Amino acid sequence: MLSISELPEIDFSSEAYQKRPFQTLAEHARKWRIARSKRGVEILDYDICRNMILDRRFGTGHPKLMHLLGLPEGRALNYKRESISFYNRGDKRRKLRQPIARLMSPHASEAFRQDIKDVVADIISDIPTHTRVDLIEALCDPTPSRVYCYWVGADKGDASYIARTSHTVQQVHTRDPEKTPEIVEAFESLLDYADARIAAAREAPSDNLISDLVRAANNDEFTDDDLRNWVIKLAEANTDNSSHQIASTIIELASRPAIWQRLREDPDAIPIAVNEVMRIHPRSISTSREALEDVEIGGVHIAKGTPVFANIGAAHWDERYYPEPEKFSLERAGQPAHLNFGGGVFSCLGRYAITIEVEEVVRYMTQTFPRIRLDKAEFSHSPMFTNVTDLHATLAPLS
Ligand code: HEM
């Protein structure tokens, strides 16, 4: 059995990774199933990744992440400690997830579709045409943050605050302690924001998500603290991830005019296209776990407490499962599901809702703008995420 120190080392700061992240991960994966990096053990093989994500011997990496960031004692750390991110497998985690899993199930998320359509139509109708536009500002940030506002019964004017705050709190994944003060400030602000939204929902209940959450708390499905933590968690997890995924979807599709045209003529192909974007260019390049006990996987001994990362980016470019992985194809069939949303008891609870959001953005954009010119599209890839750092485009509507 190999020890971690005998594993080959991956360098995420290398020029190769910075320039061609997915090709580089796929090249590593052809040579090694498991490697190591500065942050911990790196799983590269699709099967081991999927099995590790589901494996009960691995738990959440969040407590260690907060320790690494040096979050001071106070409201932000208390929120983190009590929120779902700190709970491993077991009753409390199951109890916390159940109401949200119900309220954001495939069926329940489908019920959001018409409102999501309305939000998307409203946002896109405001985007100027025949001129260079910053699509992150005009489309990618506002879409998920406006959907969040609709969920929590807030005015759409709150959307830019939600987007900004979500981007800040997601900086935890940079693992950079210099970011800690602004992260703490953003969490504290979200705590106050959540309290205000809950008070408003209690005073005037309606048929939105936050009122359903209040009803779940009233029925003792979870405590008032859990309720507030969920309102924050949904803001935290929602906007940043979704904005980057919407942006990379636009870039991947608009840079292939034949595909853009095909989706315009055949909107039924949009879910397949969105699925393929999430495979070829996922927002999540890895997801983290920590070994809860000494474990052996793929012939490697992993000691209790070791951070372990499922490299979703490597798994998605595994040619054994996705022949010619660098090719964007609407014809893939019988291949395993992408891992963009993780899996098992830690899986993304917003996966159905955000997939609908991306689909509706693509539907509206392809229908309204037969031609879209990408003026500037830039990415940066951390070990954890695909980030779209610049997206400027010129849109040409139907004449
Ligand atoms: C494209 C956008 C998104 C991506 C790529 C994404 C990805 C992920 C990933 C990889 C995880 C961890 C899964 C694991 O470790 O197995 C996660 C967790 C989570 N996501 Fe998402 N997510 C997105 C959007 C959303 C949205 C829109 C929401 C809510 C409205 C959401 C809510 C959550 C929650 C609550 C968790 C924590 C679940 C738990 O700890 O039990 N996400 N997400």
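Two strands pair if DSSP finds at least two bridges between them. With that in hand, let's work through some exercises on this predicted model.

**Exercise 1. Find the partners of β8.**
Which strands pair with β8, and in which sense?

*Solution.* Start with strand β5 (residues 287–291): four bridges join β5 to β8, and the two run antiparallel. To place this pairing in the viewer, look for Arg 289, which stands opposite Val 308 in β8. Next, take strand β2 (residues 40–43), which pairs with β8 (residues 307–310) in the parallel sense over three bridges. Here the residue to look for is Glu 42, standing opposite Phe 309 in β8.

**Exercise 2. Work out a sheet and its edges.**
What is the strand order in the open sheet of three strands, and why is one side of β4 and of β9 left without a neighbour?

*Solution.* First, write down the order: β4-β10-β9, with antiparallel pairing. Neighbouring strands here are turned against each other by 20 degrees on average, direction ignored. Now zoom in on one pair: β4 and strand β10 (residues 386–396) run antiparallel and are joined by three bridges. In that pair, Arg 132 stands opposite Thr 394 in β10.

**Exercise 3. Follow α14 to the ligand.**
How many residues surround the ligand, and which element gives the largest share of that shell?

*Solution.* Begin with the count: 25 residues surround the ligand, and the closest are Ala 237, Gln 245, Gly 342, Cys 348 and Gly 350. Two or more residues of the shell come from each of α14 (224–254) and α18 (351–368). The largest share belongs to α14, with seven residues. Sorted by class, the shell has 10 nonpolar, 12 polar and three charged residues.

**Exercise 4. Classify a helix crossing.**
How do α11 and α12 cross?

*Solution.* The axes of helix α11 (residues 159–169) and helix α12 (residues 180–203) come within 8 Å and cross at roughly 135 degrees. That angle makes α11 oblique to α12. The crossing is left-handed. On the α11 side, the contact is made by Thr 165, Thr 168 and Val 169; on the α12 side, the residues include Ile 183, Phe 187 and Leu 190. By class, this contact has five nonpolar, three polar and one charged residues.

Note on methods: Residues numbered from 1 in each chain as written. Predicted model: local features only at pLDDT ≥ 70, side-chain atom pairs only at ≥ 80, totals over all residues. Near = placed C-beta within 6 Å. Nonpolar A, V, L, I, M, F, W, Y, C, P; charged D, E, K, R; others polar. Axes fitted to C-alpha atoms, helices over the stretch in contact; angles between N-to-C directions. Parallel < 35°, antiparallel > 145°, perpendicular 65-115°, else oblique. Left-handed = near helix turned anticlockwise from the far one by under 90°. Contact = placed C-beta atoms within 7 Å.
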